[in-house]
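Subject: Structure handover

Hello,

Please find the structure below. My notes on it come after.

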Amino acid sequence: MKFNLGLVLLCSVSLTACASKAKQELNWDALRHNIATLSVVAATCLEQKATDSAACVDFAHRYQTNGAQDLKLFSEHLADFLKKDLDAALETTAQTLVIANAVVFVVDAGKPTT
């Protein structure tokens, strides 16, 4: 009897964990806003061409804080986003390219020269 109760409890916990990991509904508008904001900061960083500028420092902080996670979420759900709103998905994809260029710029500038 104890074994069955333990097995039922274990199955309940497992099912609850699986249910909580189910595909969560994303707030596309908030995600797009976050990426658009990061893209503007990234573009400003690239325009200033100085990694120690306020825009590049701000960009690096924003990217490390939530930006990388937002880009990961966007890429993981890109197929859904494309089906939902093609134009918005394409615009956001273009913004991710600006962000990627700024990441390369900041990382490249931080490498020692040989």
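This is a predicted model: local features need pLDDT of at least 70, side-chain atom pairs count only at pLDDT 80 or more; totals for chains, interfaces and linings use all residues.

Residues are numbered from 1 along each chain as its sequence is written, and side-chain values use heavy atoms, with hydrogens and water left out.

Whole chain

The protein chain has five helices and zero strands, in the order α-α-α-α-α along the sequence. Helices (H or I, at least four residues) and strands (E, at least two) are DSSP runs, numbered from the N terminus. Of the 114 residues, 23% count as buried, where buried means under 20% relative accessible area, exposed over 50% and partly exposed in between (1.4 Å probe, protein chains only). The chain exposes about 8100 Å², of which carbon and sulfur atoms supply 61%; accessible areas come from the Shrake-Rupley method with a 1.4 Å probe, and for residues only the protein chains shown count as cover. Among contacts (heavy atoms within 4.5 Å) between residues at least 6 apart in sequence, 68% join residues at least 24 apart.

Helix 5 and its partners

Helix 5 covers residues 86–109, which is 24 residues. From first C-alpha to last it reaches 35 Å, close to the 34 Å expected at 1.5 Å a residue; the expected span is 1.5 Å times one less than the number of residues. Its buried residues are Ala 88, Ala 89, Thr 92, Gln 95, Thr 96, Ile 99 and Ala 102. Their cover includes helix 2 (28–48), helix 3 (54–76) and helix 4 (78–84).

Helix 2 and helix 5 pack at an angle of about 40°, with their axes 8 Å apart. That makes helix 2 oblique to helix 5, since angles under 35 degrees count as roughly parallel, over 145 as roughly antiparallel, 65 to 115 as roughly perpendicular and the rest as oblique. Axes are lines fitted to C-alpha atoms, for helices over the stretch in contact, and angles run from 0 to 180 degrees between N-to-C directions. The residues that meet include Ile 35, Leu 38 and Leu 46 in helix 2, and Ile 99, Phe 105 and Val 106 in helix 5.

Two residues

Val 103 is in helix 5. Leaving aside neighbours within four places in sequence, Val 103 is in contact with Phe 59 and Tyr 63. Lys 49 lies in the loop between helix 2 and helix 3, with phi near 55°, a positive value in a residue other than glycine.

Regards
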